[in-house]
Structures are given as structure tokens and as C-alpha cells.
Amino acid sequence: MAAAVIDKSEIAMLALGFTPTDEIIKAREKLGIKTQDEFIQWARGALETAAVDALKAGDMGAFERRVTQLRRYYFEISPNSQQAPSPNMATIMGLYLLFLLSADRTGEFHTEVEQLPEALTGTPQIQLPVAVERCIMEGNGTKLKACVSQAAKDLPHSELLLQRVVNQVRIKIASSLERAYTSMHSKTACKMLLMDPKDKKSLELFAKAENDRKAADEANLSTLELEDPSTPAQARLRNRLSTRWVVEGDRLVFKKIRDDASAMPALDLISNMIVTPPISSVLYKEALVKYCALVRVLIVSTGHRC
């Protein structure tokens with residue numbers, strides 16, 4: 001059924017770009033379509049159905065193509081057309097915004113939001129992905145969970161995309177964890193990764209997925225890039241790919257599968273250090289002075305310049 005709808009949408013997209021011939025008019029009449037506005041409504045509905053079907057099937061490439069095709073019906077219809085705006089436009093565009101977030105295409109996300117008509121930006125379907133993006137930027141996991149729980153009400157068919165968004169956030173958190181720690185309690189890891197602290201099984205599954213993802217990325221790199229990184233970016237990538245996640249008892253351990261001679265623990269300490277302001281401004285100034293002194297010592301000890 002989904003394939004048939006997609007085939008119809010392709011035909012509709014092609015037919016719209018041509019001056020109606022006698023054959024096209026006859027084909028439309030068989031479908032009960034008599035006017036151009038009726039045809040636009042039919043084609044738009046076919047594409048919307050195809051987009052949702054592609055999303056349900058997990059075919060993100062097809063979903064993106066359908067939304068790209070729908071732009072013509074949403075934003076490029078002639079002003080002389082009597083066609084009313086689609087009631088599904090806010091839902092489709094909201095899903096597309098979530099898709100961009102799930103693919104870590106934040107720049108495109110902001111561009112899309114800025115280009116949306118003002119009438120759309122205030123709808124719950126658009127406000128949801130905007131709120132999700134804000135939670136990600138703030139690093140607020142609690143609010144992100146609240147947005148996910150609200151999604152079923154405000155934005156239908158968004159479950160898969162939200163799972164992908166949360167997983168994308170977890171991958172970024174995971175990258176920071178393995179740089180800042182050598183091991184940590186499994187409950188703490190679950191909490192930081194937006195999981196149920198009691199759900200150790202989810203942590204084990206995520207650890208396996210993380211290791212598989214790194215192995216796949218590593219397979220795409222040349223031996224030269226792995227063994228002799230010539231740039232700092234390659235060195236950091238090599239260091240990240242050399243870390244494997246292992247759940248041992250009640251601990252999550254970050255194990256290195258190879259020695260990294262180019263790693264600079266002192267600089268990693270600087271980049272991962274967080275200075276939390278105490279209540280007293282005097283104590284804060286003292287802590288800041290000590291921190292700056294530590295930075296100078298570490299830089300001198302590693303032979304690097306600011």
C-alpha cells in the first residue's frame with residue numbers, strides 16, 4: 001500500500017510540472033479530479049501519506065525526499081490558487097525539524113525555523129522540536145524527557161525521530177564521559193545518559209552499540225590515519241575510537257584498546273575541567289586564581305604554548 005502511494009506521489013509530482021494534455025486530463029477524470037486545485041490537493045495528500053509511511057518504515061531518505069517535494073505544495077502555490085493550506089503542514093514540517101535534529105544537522109534546523117511562516121511557528125507541532133533543540137543546547141536532560149513525553153500529544157508519528165534525537169544526545173554525552181573518566185558507577189552512567197538508573201540492561205545495550213559504532217568508524221579509516229595521525233583532529237579521533245565501553249559488575253569501564261602516544265592528559269584535564277562558582281565571591285576568586293595557576297603549570301609541563 002505504501003509503495004502504491006509513493007508511486008502515485010511521483011506521478012503527481014511529475015504531472016504538476018507540465019501543461020495538462022488530453023491524456024493527463026483523462027487520467028485525472030478517472031480519479032475524479034476536474035480542476036487544477038483538486039489535483040494539487042490530491043497530489044499533496046498523496047505525498048503527505050507517503051512521507052508518514054516512509055517515517056513509519058524507518059526510511060529517512062524517502063521521508064526527506066517527500067518533504068522536499070511537499071515544499072512546492074506548501075510554499076510555492078500560485079497566489080491565484082483557491083487551494084486552502086494543508087491541515088497536515090504543521091505536522092509534516094514539525095516532523096522534518098525533528099529529523100534534522102536527529103541527524104545532528106543543527107544549522108539546517110535553524111534555517112528551516114527562520115523560513116517558516118509566522119502562522120506555523122506558533123503551532124504546538126513546531127514548538128515541540130524548537131523546545132527539544134533548546135533543551136539540547138542547554139544540556140537539560142530533565143526538560144528533554146518532558147518534551148519526549150509530550151510528543152505523542154503534540155506531534156503524531158514522532159516516536160522514532162525522538163528516539164533518534166535522544167540517541168544523538170547520548171552519543172555526545174558518551175564522548176564527554178569517556179574523556180573525563182576511566183570508570184564510573186553504572187547507576188551514575190545511566191543517569192547521565194538519560195536512562196533509568198535501575199535499568200542496567202539498557203546501559204549494556206548502549207555500550208555494545210557504542211562499541212559497534214566505533215568499530216564501524218574505525219573500519220572506514222585508513223591504517224595511516226590510525227597509526228600515524230598527522231593532525232590534532234586525527235589524533236583526537238584516533239583516541240576516541242580506541243576507547244571501548246565495558247560493563248563490569250556495577251561499574252562502567254572505559255578501556256583503551258591501544259596506547260595513544262599523542263594523547264596529552266594535561267590538556268585533556270584542562271578542557272574537561274569545570275570550575276563551579278561557590279557561594280562566596282572571595283572563595284570564587286581564590287578558586288579561579290588556583291585554577292589559572294594550575295593551567296600555567298600544566299602548559300609548561302607539556303611544553304605547549306597558549
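Contact here means heavy atoms within 4.5 Å. In this predicted model, helix α10 (residues 159-180) lies across β1, β2 and β3 and runs at about 85° to β2. Helix α12 (residues 200-219) also packs on the sheet, where it touches β2 and β3, and its direction makes about 160° with that of β2.

The sheet itself is open and has three strands in the order β1-β3-β2, with antiparallel pairing. Its edge strands are β1 (183-185) and β2, each of which pairs on one side only. From one strand to the next, the twist averages 20°.

Strands β2 (residues 243-248) and β3 (residues 251-256) are joined by six bridges in the antiparallel sense. Their hairpin has two residues between the strands, and glycine 249 takes a positive phi near 65° there. Two facing positions are listed below.

| Residue | Opposite residue in β3 |
|---|---|
| Tryptophan 245 | Phenylalanine 254 |

A helix pair is also described. Two packed helices are described by the angle between their axes and the distance between the axes. For helix α6 (residues 106-115) and helix α8 (residues 124-138), the angle is about 140° and the axes are 12 Å apart. The crossing of α6 past α8 is left-handed. On the α6 side, Thr106, Phe109, His110 and Val113 make the contact, and on the α8 side Pro129, Val130 and Glu133 do. By class, these residues are four nonpolar, two polar and one charged.

Notes:
Residues are numbered from 1 along each chain as its sequence is written. This is a predicted model: local features need pLDDT of at least 70, side-chain atom pairs count only at pLDDT 80 or more; totals for chains, interfaces and linings use all residues. Side-chain values use heavy atoms; hydrogens and water are left out. Two strands pair if DSSP finds at least two bridges between them. Helices (H or I, at least four residues) and strands (E, at least two) are DSSP runs, numbered from the N terminus. Axes are lines fitted to C-alpha atoms, for helices over the stretch in contact, and angles run from 0 to 180 degrees between N-to-C directions. A crossing is left-handed if the near helix is turned anticlockwise from the far one by less than a right angle, and right-handed if clockwise. Ala, Val, Leu, Ile, Met, Phe, Trp, Tyr, Cys and Pro count as nonpolar, Asp, Glu, Lys and Arg as charged, and the others, Gly among them, as polar.
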